Amino acid sequence: MCITSELVLPMVFENQALSRTSDHQQQNRDRSRFFYKLRQKRKQRRLQHGQIRRDSHYQHHAQEIERTDQKQQKEPRLITAIVGSSIARNIVVHNIESRTNEVRLRFQSGSDCAEALGWLQSTDGQFFMRGVHHLIFIIGTNDLHRVGAFETVQRIDYTIATVRCLYPKVSIVWQLLQQRTRKTWLLSEGQSVLNEIERCNVFLLDLATKRNFETIQPKIPIEYMYDGLHPSKCGVEMMEATIRNHLQKYKTVHSFLYSTDPCCFRNDVYLPPLMSIKF
């Protein structure tokens with residue numbers, strides 16, 4: 001009996017110990033499972049709330065973009081066309097454009113008044129001029145090279161009169177001639193060419209007063225004409241800034257002064273006489 005008791009009691013205590021250990025492990029597992037589920041729920045709530053916040057932010061951002069687009073669509077844009085010779089070849093329209101201004105550029109090396117006018121009457125020129133409000137000419141250097149100051153201004157006069165007949169809604173701006181030292185067909189290199197350019201600009205300003213068109217003048221220093229004829233990078237930047245500043249004054253008034261309807265080419269008009277101009 002004593003021997004049996006000695007065997008049974010340790011077994012009972014051992015079973016109780018095993019039972020307590022098993023219960024403790026089960027409690028630990030339950031506790032771990034509880035906290036795991038709690039963390040998962042918290043994580044899910046955070047994700048849901050975060051998603052809601054993100055969706056709200058994106059929705060607000062999209063609404064702002066939509067309102068901005070609608071405002072820009074309602075606000076008419078001023079369309080400016082630049083027609084020039086190789087003097088204008090390095091102009092970057094993005095440096096001139098703004099939210100309310102659109103700029104188009106067409107240049108042709110060696111272009112003079114006759115070439116520019118012929119192109120504006122072509123199919124490509126008519127497409128280029130659709131909806132244009134301002135037409136800026138950077139033309140005249142090659143005319144001066146061939147025929148001198150007085151004849152150049154006569155050509156400019158004829159060009160402006162013709163463009164006004166063909167595109168009556170377009171406002172014309174002419175850039176005054178820039179300094180050059182390279183010789184012309186009529187004049188030797190140096191000061192004589194500069195004097196002829198100055199004469200031409202005086203005639204051109206007088207013509208602008210009589211014909212009621214605007215002029216712009218970047219006043220590019222001679223040292224910025226890198227080859228004696230074409231503007232360097234700094235000279236081009238001066239031209240861009242001059243055009244940009246000129247267009248800036250129309251920022252608040254152009255929607256009242258200018259029609260947003262496409263500018264139509266008129267081929268049924270009587271063009272002004274050529275006079276004594278020899279193109």
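Start by selecting strand 1 (residues 78-84) and strand 2, which pair in the parallel sense over seven bridges. Strands here are DSSP runs of E with at least two residues, helices are runs of H or I with at least four, and both are numbered from the N terminus; two strands pair if DSSP finds at least two bridges between them. This is a predicted model, in which local features need pLDDT of at least 70 and side-chain atom pairs count only at pLDDT 80 or more, while totals for chains, interfaces and linings use all residues. Residues are numbered from 1 along each chain as its sequence is written, and side-chain values use heavy atoms, without hydrogens and water.

Zoom in on I82, and you will find it opposite L105 in strand 2. Now show the whole open sheet: five strands in the order 2-1-3-4-5, with parallel pairing. At its edges sit strand 2 (101-107) and strand 5 (214-216), each pairing on one side only.

Next, select helix 2 (residues 113-120) and helix 4 (residues 141-166), whose axes come within 9 Å and cross at roughly 25°. Axes are lines fitted to C-alpha atoms, for helices over the stretch in contact, with angles from 0 to 180 degrees between N-to-C directions. The two helices, helix 2 and helix 4, are therefore roughly parallel (angles under 35 degrees).

Technical notes. Parallel < 35°, antiparallel > 145°, perpendicular 65-115°, else oblique.
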